[in-house]
Amino acid sequence: MSGTYAYQMVSGMQEKDAHGYPKMAAYLKHYTAYSTEANRGHDTYSISPYDFFDTYLPQYRLAFEADPAGVMCSYNAENGIPSCANDWLLNKQLRAWKPDAMVTTDCGAVRNLRGSPVHAPDDAHAAAYALMNGTDLEMGSMLFSSLGSAVQRGLATEERVDEAVRRTFRVHFTLGRFDPPEATEWSSLGLEAVNSSVHQRISYEAALQSLVLLKNDRALPLKAGARVAVLGPQGVARAGLLSDYACDQVCFAGGDSCIGTIAEGVALANAGGDTTSAGGVDVSGSRTDGIQEALDLAREADSVVLVLGSDKSIEREGIDRSDTALPGIQESFARQVLLLNRPTVLVLTNGGALAIDNLVSRDSATNAPYAIVEAFNPAVLGGKALGASLFGFENRWGKLPVTLYPHSYIRQQPMANYDMSAAPGRTYKYYQGVPLFRFGFGLSLTTFTFACSLPAGGSEEGYSIHCVVKNTGPMEGDEVLQVYHRAADVGHVNHPLPKRALVDFARITVAKGVAGHVLFKLSSSVLEVVNADGRRTLYPGKHELIVS
């Protein structure tokens, strides 16, 4: 899934003009297995050949089919060898996909080689170690300035320096940096292209499709013209709706005033109604002096939209969360709101997945309508998209791209364990427990039925699956079909086997009472699995292609 996303993004970023100049050079980061911020740059993880080729490399290989310029190597080390000085990772793997792929470090990664796990004795050794093992460009520190000394001392070669220079400057020549500005059509782009109506529509469309409806017990769609209270710290947040890696300036005038809040998005959709809002509590901390105001607004409302979550004060570059529960006193606040027995929609905004075990269902003493929406980081137009979706003016919901684990998972699986299948397992492919919500799950405000057919036997070229999707509900909506492979019965193997693995997916918009068609064309390689040596292998036996 992430490889498909990267492929499409790189393709768009490197779109070529009529003269063959790409719009920009795209790099993939962080290559690879970068999931932990603690002790960043001096950490190392044990990763088997199986996990490399089943989890940590295939998305990059798929993305390289779009021909990105190169990669930024990750801070961490794999099996004791830092990514930015890892010959196997940079030369044997990456450059098997693209021989002239350019590798740049993240900021300070070469300086990190002076410490654990490498302990280079001086700058020249550190610079040579990175260069000779595949890195072309250093960022964030200046240790490559000692490469002249490294060459003189026999630690590095002039040939390798020349190669790094060629790779680095080739990107600039490809972009037309040394040609007249008018040579490329992209130089004619002006301010009118920034925040244009077309771009706003794309941003809005992306926000609509990113929302996931996890639960709907008679709560949605909301009725316009009603009294709606939007409560919770993320309901009135602006910059807090952005990802933890958002740029420093989003709005033309600086600040965050151009980012619509979720409360404003709900008010926009609730035409003729009365929309009130209050934060109630902070994202983190224990402040309680806003709770009473929020509860009073809830009592006066016909429905409540309760917006909770996390922001970059909780997790960002350099900072890991220690807990997947809602930070601060948000859960306690939520339970107070739910006890008022008002129809309530819980909206989660977050980067990393949250564990909401105690909020999946309402207290047994209450029976008011209830819904749960995962909005992730909804960004600039997310509030507007969410408001339109809650009131049923839009019905473009997506599916979960992650597994939502119960809170107990953080005690069962240390973050530093990169073995995907080690009990209780990671991701939908290996997790043996019961998730709060599974990967690929998501509801709609309408209902669908589908039936698929697969010609018996397939062929050497692959398999074609034809699906008919019928909208049997009250409104137009989107459905996302997913195709999974499962090696159902292939006998004994000496490596893990995924419970199932996503091999394709497609979104379709279907009008009320109408049937739409989806055709999946799958290569024969979809039945292969990774073996213990990291090679993709087709085992004889029973294989299943599952559409959900």
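Reader: Why is R114 called partly exposed?

Author: R114 has a relative accessible area of 33%. Buried means under 20%, exposed means over 50%, and partly exposed is in between, with a 1.4 Å probe and protein chains only. The value of 33% falls in between, so R114 is partly exposed. This is a predicted model, in which local features need pLDDT of at least 70 and side-chain atom pairs count only at pLDDT 80 or more, whereas totals for chains, interfaces and linings use all residues. Residues are numbered from 1 along each chain as its sequence is written, and side-chain values use heavy atoms, with hydrogens and water left out.

Reader: What makes the contact of D123 and R114 a salt bridge?

Author: The side chains of D123 and R114 meet at 2.7 Å, N to O. A salt bridge requires a side-chain nitrogen of Lys or Arg within 4 Å of a carboxyl oxygen of Asp or Glu, so the pair of D123 and R114 qualifies. D123 is partly exposed too, at 28% relative accessibility. Side chains of opposite charge can pair when their charged atoms come close.

Reader: How do you know that K542 forms a salt bridge with E544?

Author: The closest N and O atoms of K542 and E544 are 3.8 Å apart. That distance is within the cut-off, so the pair counts. K542 has a relative accessible area of 48% and is partly exposed, as is E544 at 22%.

Reader: Which parts does the salt bridge of E317 with R40 tie together, and why?

Author: The closest N and O atoms of E317 and R40 are 2.9 Å apart. E317 lies in the loop between β10 (303–309) and α12 (330–338), and R40 lies in the loop between β1 (27–31) and β2 (44–45), so the pair ties together parts that are 277 residues apart in sequence. Helices (H or I, at least four residues) and strands (E, at least two) are DSSP runs, numbered from the N terminus. E317 is partly exposed at 32%, and R40 is partly exposed at 28%.

Reader: How many salt bridges does a search of the whole structure find, and which residues are linked in a network?

Author: The search finds 30 salt bridges. R95, D136, R160, E163 and R167 are linked in a network of them.

Reader: Why is F252 called exposed?

Author: F252 has a relative accessible area of 63%. That value is over 50%, so F252 is exposed. F252 is found in the loop between β8 (227–231) and α10 (262–269).

Reader: What makes the backbone at N39 and N195 worth a note?

Author: N39 has a positive phi of about 55° although it is not a glycine, and N195 has a positive phi of about 60°, also without being a glycine. Most residues other than glycine have a negative phi, and most peptide bonds are trans. N39 is found in the loop between β1 and β2 and is exposed at 51%. N195 is found in the loop between α8 and α9 (197–210) and is partly exposed at 47%.

Reader: Where are the peptide bonds that are cis?

Author: One of them runs from K29 to H30, with omega near -10°, and H30 lies in strand β1. Another runs from S116 to P117, with omega near 0°. P117 is found in the loop between α5 (109–112) and α6 (123–132).

Reader: What is the makeup of the lining of the second largest pocket, by class?

Author: The lining divides into nine nonpolar, four polar and six charged residues. Ala, Val, Leu, Ile, Met, Phe, Trp, Tyr, Cys and Pro count as nonpolar, Asp, Glu, Lys and Arg as charged, and the others, Gly among them, as polar. A pocket is an open set of points on a 1 Å grid over the protein atoms alone, with protein on both sides within 12 Å along at least five of seven lines; a cavity is a set where a 1.4 Å probe fits but cannot get out, and lining residues have an atom within 4 Å of a point. Of the 19 residues lining this pocket, Q14, D67, A69, K98 and T174 lie nearest its centre. Helix α8 gives the most to this lining, with five residues.
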